[in-house]
Every structure is written in C-alpha cells, then in structure tokens.
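Work through the exercises below with the structure in view. Try each task before reading its solution.

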Amino acid sequence: MRLTKPRYKEMTDESLMIAVSKGDKSAFDQIYHRYSGPLLGYFIRMLWKDREKSEDFVHDIFAKIIRKPELFDPTRKFKTWVYSVANNMCKNEYKKQEVRKNISNGLDSTYAIKDTNTNVFSEVYDNQFRHEFEKSLDALDAKHSEVFKLRHIDCLSIKEIAEVLEISDGTVKSRLFYAAKYLAVSLEDFNPIMNR
Amino acid sequence: MEKDLVDIVMEKEYIELSADEKAELEDFCSSESEFYQLKQVFEDVGSIQFDLPSPRKETKQRLDDLFNDIHPKAAPIWYMSVFSFVVPREKPLYKQPLMQIAAVGLLLLLIFPFFNNEMTPDNTQIANIEKVEKIEQEIEEASVVPPGVDEVKVDEVKIVEEVIESIREESKTEAGTREITTMDFAFTDAAASAEPAIARTAAPGADHPDGIFDPALYGEIAFSQPASSNPDMLDLLTATF
C-alpha cells in the first residue's frame, strides 16, 4: 500500500498503461495529456482537415484504451502502438469514404506554425518559406508526405514509423529521403537559411 | 525519440561521417553536395515549430464518464476510509492530517519540560531537611549531661565564664580598675579551681581540637563528637547552598 502519491509525470507510457489496466484514473489522465494533442494533429492531417471527425477519432482511440487496455502489449512501445492504431483507423476511414481528398497538405489553420524569431525581415522570409513548404508537401505523393510528416511533425524515428505503417525500415528511409530531395529541389531557389 | 539517419545528417558534417554511415547514406546521397542539400532541408523543417491543437473539454469529459463506468471505484474498507482521511493521496505530504498531528505532538514533547520546571521541594530537598532535623536532635541529645557527671564542675566552668565577662565590662570604666584587680585574684582563684574540672573533662593525652571525652567516664554517649566521625554532621557543616 503506497503512502505517497505516485509521480505520474515521471512514469513511462508503458507503466502508465499497466496502471490504467488496473483502473488508475490518474494514469489515464496522464496518458491523455501526453497524446491527445499529437493524435488530434495526426488525425487532422490524415482526415482532410476535418476537425469534428478528428475529435471523434481521438475520443474513439482513447475509448479503446479504456475498454480494452489489455490490447496493448507492455513489451512494445506505447507510442508506436497508439500511432499504429490511429493509422489503421484512418485506413478504415479511407475505405469507407473511398475517396482521398488531396485538397491540402493537412496543415490546418488551427495547426499553427509558430516562429519565435522577432526579426521583421527574417519573419517575412519565414512566412514565405512556410508557404512554399506547405505547397511542396501538398504536391508530394501521399505515402512520401505521410512518412515525412510522421518523422518531422510527430517526431517518430524511422524504426517507429516502420512499425506504425507496417513497412520495413529501408522503405521508410527511401520514402523519407525521396521526400527530402523533392523538397530540396522545390525550395532550392528559396533558401531562408542562406539569405538570412 | 531514438536517433536515426536523419539525426546523423543533421548533427554531423560530411567529413565527420564514419564508413558505415557513408555506406548507409550512399543510396540517398552519392555526393557531398547532395548531403548538404538534404541537411539544409532537414534543418529548415526542424526550425519550424508546429503548435499542436488541443481537443475540446467535452471529449475529455465523455472519456472520464466512460472510465468511471468501466472502472467503478471499489467500496472502501472502514480502515481505508480512515486512512484515506489522515493520509489523502491528493495532498502533498506536509498538508496531510497525520503528518500535521505528528508535528504538533513532537512540538509539545519538546516544549513540555520547559513548562514543567517549577520551584517545589522535591524528594531530595525533603530528605535533606529530614537529615538536618536528625542531626539537630543528635546535637541536643549530645548536649544533655549524662548521668554521673559532676555537675559542680560544669557549674564552675560557667562561673569562670561569667567572671570573665564581668571583667570585660568593668574594665571599660576607670572606677572599675581597683575592682578589676580584686576581681583578678578572684578570677584567678576561680580559674584555678575550675581548671581541674576542665582538665578532668578531657581525656588524658587527647589532642583532638574538638576535645575528646573519655566514654569510659560518661558512658557510651560522648558530650561531643568530632565532625569527621559523624558523616551527617560533616555534610551539614560542609553543605553549600
């Protein structure tokens, strides 16, 4: 019997999930605090910027965690597991819709790009760079842009992306570097770093 | 996030790459210029800070209700309810009632001796008072003249003392000069007659300053005893307050 309060903020995701399976509400709150924002951003990107649908998907994925926490294997990394589940949910939604809307690159206006640089001139360059960057991502193939976003926006490693998308590490690398080269060519004329 | 090939490209210069790393990058960048091109893209994207959206509060509320339905709180055992009151998990340690009670108890324990230090006679003082009374009683008993003692001799000593005192007083006036002379002879006679009595009271060969009286003459009880032979008396005489 514990005499002091557990430090949930310092616990790993896997330890928190074990506590959730035992009915620990505070552990679930911590898990929700860590992953609700990133998952919402992921669903917004993947579901054609549909905020309402993305909110529902966030609720559904955490409801799945509450109802069946035993589905999570503690020997695995929770982060890759939850993104795998999210990815599968999106695939199922695509099948339902049978239409992939490619109107935008998923960077919603609510998905604000923040820049702390206060210099006026660099701010202008940054705004232009962001515009070109979004445009280039939008033009990129979905499978390549998905890998690129998972790497640079959701901050998953190559191994984790491979696990989420159920593809090999080599495939992830090739898609990632292909996307990087494409962006390098697209943004070659506009180089904010060199011109600052 | 564990480090991968992208991190290597972002952190290292081309000349710093190991042979294994170069081999791994060979499929993606065959030359140094391509390497720096990729490095530039990764750095530019890395400098962009994406502000993550937050779900609505209603979403969290619905999940909380679902959690309470799936994992209802167990009925507390009676001692757990007491324990949960004195050691609430949601409060920090210094705000828990049990800790506060323990702190107050410790404080009282530390300050209690200061308030308990009163000027009342304790058992040690009572024992000392009783000892003094006993010694006084012994002195009184010792001062009583034992049977068989020649009271005349004692009276003669008293007479001598009175004579001495009167001589002192009369010596202060001139008129008493002649009487002093006369009295001197009387004193001398009285002192001479008193000397044997005094001498008889001291044991032959006695050299103790208090005077040792021969117990054989006066029984087992002596008129006085030296302080060193009476520990209680010695304590009384040497007591310091």
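Predicted model: local features only at pLDDT ≥ 70, side-chain atom pairs only at ≥ 80, totals over all residues.

Residues are numbered from 1 along each chain as its sequence is written, chains are lettered from A and ligands numbered from 1 in the order in which they are written, and side-chain values use heavy atoms, with hydrogens and water left out.

**Exercise 1.** State how many residues of chain A and chain B take part in the contact, and what area they bury.

Solution. Begin with contact, meaning heavy atoms within 4.5 Å. Chain A contributes 63 residues and chain B contributes 44 residues. Next take buried area, the accessible area (1.4 Å probe) that two parts lose on being put together, summed over both. For chain A and chain B this is about 4,900 Å², with 67% of it on carbon and sulfur atoms. Within chain A, the residues losing the most area to chain B are A:His59, A:Ile66 and A:Phe177, together 13% of what that side buries.

**Exercise 2.** Find the salt bridges across the interface of chain A and chain B.

Solution. Apply the rule: a side-chain nitrogen of Lys or Arg within 4 Å of a carboxyl oxygen of Asp or Glu. The rule finds 7 salt bridges across this interface. A salt bridge links A:Lys173 with B:Glu24, where the closest N and O atoms are 2.6 Å apart.

**Exercise 3.** Describe helix 4 of chain A and the setting of A:Glu93.

Solution. Helices (H or I, at least four residues) and strands (E, at least two) are DSSP runs, numbered from the N terminus. Helix 4 of chain A covers residues 78–97, and its 20 residues reach 29 Å from first C-alpha to last, close to the 28 Å expected at 1.5 Å a residue; the expected span is 1.5 Å times one less than the number of residues. After the helix comes A:Glu98, with a positive phi near 60 degrees.

Now check burial: buried means under 20% relative accessible area, exposed over 50%, partly exposed in between (1.4 Å probe, protein chains only). In helix 4 of chain A, 14 of the 20 residues are buried. A:Glu93 lies in this helix and counts as buried because its relative accessible area is 6%. Leaving out residues up to four places away in sequence, A:Glu93 touches A:Leu47, A:Trp48, A:Lys53 and A:Phe57.

**Exercise 4.** Summarise chain B.

Solution. Count the elements: chain B has 11 helices and 1 strand. Then take burial: of its 241 residues, 24% are buried.
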